[in-house]
Amino acid sequence: MNRVALVTGGNRGIGLAVARQLAKDGLRVAVTYRSDPPPDDFLAVRCDVRDSASIDRAVAEVREELGPVDVLVANAGITRDRPFLVMTEEEFAEVVDTNLMGAYRVARRVVRDMMRRRTGRIVMISSVAGLVGAAGQANYASSKAGLVGLARSLALELSGRGVTVNVVAPGWIDTDMTSALPEKVTAAIRTQVPLQRQGTAEEVAEVVAFLAGEGAGYVTGAVLPVDGGLSLGR
Ligand code: NDP
């Protein structure tokens, strides 16, 4: 039976590209969405990663429809960018609650099955901001750095159970999240990317799919940048 993947925030952007790539690789794919379901024919379950009860329902539905989750891609995320001094406590907490706590909550609900079955792949979508910091993104960078600590701790805890846990750290990728950035900002980022262009969601998905694949069984606790060299040397 083909493996089962769950991608949070799989209705658009990087999550949708990951879901498509995993489906292409032969996995049975479920995605979560909050407002609009994905355009593709995946099992789509409504879920807000800030709401434990909604994750319980979503994971139970996936389990019932497809079986236990073999591959979790914790992708759902938001930004609320502001200079540190004017960033409110609510804005800080909302981003950490979604990006870091959200990944924790979903992982918590699929890890038991993975441990019991002695197989599993978890890929957390962090960001270059979590590795090198980002002005105006103290909340976002904190949440994304937190994912690295979470993933590496889990990698150690689950290493004896055949479960790998890795992090993908995208750089500047063409999605709704970055299309909102002002031209002044994107022009500045472009000059810093050694490959001199924006990445695509599909390019991130290829790397996630590698880590989710059978061939990556000896890779755990790794942080893999997909950033055109933006974090190179730092
Ligand atoms: P998008 O804004 O295009 O998509 C964000 C996704 O997250 C949507 O599916 C959204 O669902 C979902 N989501 C947000 N909040 C919640 C929530 N509370 N519960 C459930 N789902 C939620 O972003 P990207 O595709 O660009 O980003 C995907 C991931 O990649 C994020 O974690 C982001 O931080 C990370 N990333 C992106 C980079 C980029 O340059 N684009 C760079 C580095 C990292 P809905 O449609 O319902 O709102």
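Which helices and strands each supply at least two residues of the shell around the ligand? In this predicted model, the elements that do so are α1 (13-24), β2 (28-33), α3 and α6 (176-179). The ligand is surrounded by 30 residues, and the closest are Gly9, Gly13, Arg34, Gly77 and Thr175. Sorted by class, this shell comprises 11 nonpolar, 14 polar and 5 charged residues.

Helix α3, one of the elements that contribute to the shell, covers residues 89-117. Just after α3, Arg118 adopts a positive phi of about 55 degrees.

The buried residues of α3 are Val95, Thr98, Asn99, Leu100, Gly102, Ala103, Arg105, Val106, Arg109, Val110, Val111 and Met114. In an α-helix there are 3.6 residues a turn, so residues three or four places apart point the same way. The cover over the buried residues of α3 includes the strands β1 (4-7), β4 (71-74), β5 (120-125) and β6 (163-170), together with the helices α2 (52-65) and α5 (138-158).

An unreviewed UniProt entry places the feature "domain: Ketoreductase" at residues 3-175. In the model, this span is 47% helix and 18% strand, and the end C-alpha atoms of residues 3-175 lie 28 Å apart.

Note on methods
Residues are numbered from 1 along each chain as its sequence is written. This is a predicted model: local features need pLDDT of at least 70, side-chain atom pairs count only at pLDDT 80 or more; totals for chains, interfaces and linings use all residues. Helices (H or I, at least four residues) and strands (E, at least two) are DSSP runs, numbered from the N terminus. The expected span of a helix is 1.5 Å times one less than its number of residues. A residue is buried if 20 or more other C-beta atoms lie within 10 Å of its own, exposed if 12 or fewer, and partly exposed in between; C-beta atoms are placed from the backbone. Two residues are in contact if their C-beta atoms, placed from the backbone, lie within 7 Å. A residue is near a molecule or strand if its C-beta atom, placed from the backbone, lies within 6 Å of it. Ala, Val, Leu, Ile, Met, Phe, Trp, Tyr, Cys and Pro count as nonpolar, Asp, Glu, Lys and Arg as charged, and the others, Gly among them, as polar. UniProt positions are given in the numbering used here, feature names are shortened, and annotations may be inferred rather than shown by experiment.
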